[in-house]
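Student: Could we go through this model together? I would like to start with the terms before the details.

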Amino acid sequence: MLNRPAGSGHGGLFLARHAETVWYKENRYAGAHADPELTEAGLRQAEALATRAAAAGVEVVVSSPQRRAVRTAEPVAAALGVLVEQVPDLREVDFGSAGAS
């Protein structure tokens with residue numbers, strides 16, 4: 001169950017994937033168990049996302065609890081003056097032996 005702000009309407013849905021990670025640059029799968037940091041470009045992408053989300057009127061920020069997702073969501077939440085709501089069911093899938101390699 002999402003914690004929506006009191007009096008908020010039913011607006012559109014704004015989806016974003018986490019920003020660029022170190023492993024993405026290395027063409028590696030992260031999966032559910034590894035949690036690589038964002039690159040400098042990824043941090044800039046998260047800041048740009050914050051600007052776009054604020055302009056789009058986003059009211060709620062929801063993220064998986066994985067660091068790369070939370071680090072992407074935090075600038076958005078800060079720009080909107082809200083907290084990141086972490087939802088465990090949004091965790092990345094487990095790639096088995098293909099992940100965290």
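Tutor: A crossing of two helices is left-handed if the near helix is turned anticlockwise from the far one by less than a right angle, and right-handed if clockwise. Helices (H or I, at least four residues) and strands (E, at least two) are DSSP runs, numbered from the N terminus. This is a predicted model, in which local features need pLDDT of at least 70 and side-chain atom pairs count only at pLDDT 80 or more, while totals for chains, interfaces and linings use all residues. Residues are numbered from 1 along each chain as its sequence is written, and side-chain values use heavy atoms, with hydrogens and water left out.

Student: Which way do α2 and α3 cross, left-handed or right-handed?

Tutor: The crossing of α2 and α3 is right-handed. These helices pack at an angle of about 35°, and their axes are 8 Å apart. Axes here are lines fitted to C-alpha atoms, for helices over the stretch in contact, and angles run from 0 to 180 degrees between N-to-C directions.

Student: Which residues of α2 and α3 meet?

Tutor: From α2, the residues include Leu43, Ala46, Glu47 and Leu49; from α3, Arg71, Thr72, Pro75 and Val76 are among them. Contact means heavy atoms within 4.5 Å. By class, the contact of α2 with α3 has 10 nonpolar, one polar and two charged residues.

Student: Changing topic, how many salt bridges does the structure hold?

Tutor: The structure holds two, a salt bridge being a side-chain nitrogen of Lys or Arg within 4 Å of a carboxyl oxygen of Asp or Glu. One joins Arg67 to Glu37 at 3.2 Å, N to O. Arg67 is in helix α3 (residues 67–80), and Glu37 is in the loop between α1 (22–25) and α2 (40–56), 30 residues apart.

Student: And what does Arg71 pair with?

Tutor: Arg71 forms a salt bridge with Glu37, with the closest N and O atoms 3.3 Å apart. Arg71 lies in helix α3 and Glu37 in the loop between α1 and α2, so this pair ties together parts 34 residues apart in sequence. Shared partners join Glu37, Arg67 and Arg71 into one network.

Student: How accessible is Glu37?

Tutor: Glu37 is partly exposed at 34% relative accessibility; buried means under 20% relative accessible area, exposed over 50%, and partly exposed in between (1.4 Å probe, protein chains only). Arg67, at 38%, is also partly exposed, and so is Arg71, at 30%.

Student: What is the order of elements from the N terminus on?

Tutor: The elements run α-α-β-α-β.

Note on methods:
Ala, Val, Leu, Ile, Met, Phe, Trp, Tyr, Cys and Pro count as nonpolar, Asp, Glu, Lys and Arg as charged, and the others, Gly among them, as polar.
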